[in-house]
Amino acid sequence: MDASLNCLPFLAIPMIGIGSLISAKLATTDSMIKAHGQFYAVLVAVIALTARTVYHCEPAWLLHTLTLGCMVVGALAIPGQKRPQVEWSA
């Protein structure tokens with residue numbers, strides 16, 4: 001039981017990171033800006049936590065580095081919802 005509780009912080013970061021990527025990519029027009037802002041905030045947190053994990057040579061450094069890589073590649077490679085076209089009237 002104690003071993004499973006010790007793994008929770010190592011697994012929480014990847015789940016939150018990938019979850020924010022999925023929510024940013026699936027967001028509709030109403031919540032798109034908020035979801036993208038949350039994704040960037042989580043991305044900055046994952047960068048800081050991954051750097052800390054690698055610096056301290058913790059066992060989950062590979063998992064956190066893979067999560068960070070998936071978030072960056074996913075943000076660039078996975079197409080999101082199209083933004084609505086704004087028509088300007090004169």
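Which residues make a nonpolar surface patch of about 390 Å²? The patch is made by V54, W61, L62 and L66. A patch consists of residues with over 30% relative accessible area and no salt bridge; like charges are joined within 9 Å, and nonpolar side chains (Val, Leu, Ile, Met, Phe, Trp, Tyr) within 5 Å. Accessible areas come from the Shrake-Rupley method with a 1.4 Å probe, and for residues only the protein chains shown count as cover.

The model is a predicted one: local features need pLDDT of at least 70 and side-chain atom pairs count only at pLDDT 80 or more, while totals for chains, interfaces and linings use all residues. Residues are numbered from 1 along each chain as its sequence is written, and side-chain values use heavy atoms, with hydrogens and water left out.

Helix 3 gives the most to the patch, with three residues. Helices (H or I, at least four residues) and strands (E, at least two) are DSSP runs, numbered from the N terminus. W61 has its place in helix 3. W61 counts as partly exposed because its relative accessibility is 42%; buried means under 20% relative accessible area, exposed over 50%, and partly exposed in between (1.4 Å probe, protein chains only).

The largest nonpolar core has 11 residues: I13, L21, A24, A27, A35, F39, V42, L43, V46, L68 and M71. Helix 1 (2-26), helix 2 (32-55) and helix 3 (61-77) are the elements that give two or more residues to this core, and helix 2 gives the most, with five. Such a core is a set of buried Ala, Val, Leu, Ile, Met, Phe, Trp, Tyr and Cys residues joined through side-chain atoms within 4.5 Å.

Two residues show some of the contacts (heavy atoms within 4.5 Å). Leaving aside neighbours within four places in sequence, A35 is in contact with S23, A24 and A27. T50, found in helix 2, is buried because its relative accessible area is 5%. Not counting residues up to four places away in sequence, T50 touches H64, T65 and L68.

Side chains of opposite charge can pair when their charged atoms come close. A search of the whole structure finds one salt bridge, that is, a side-chain nitrogen of Lys or Arg within 4 Å of a carboxyl oxygen of Asp or Glu. E58 forms a salt bridge with R52, the closest N and O atoms being 2.9 Å apart. E58 counts as buried at 16% relative accessibility, whereas R52 is partly exposed at 43%.
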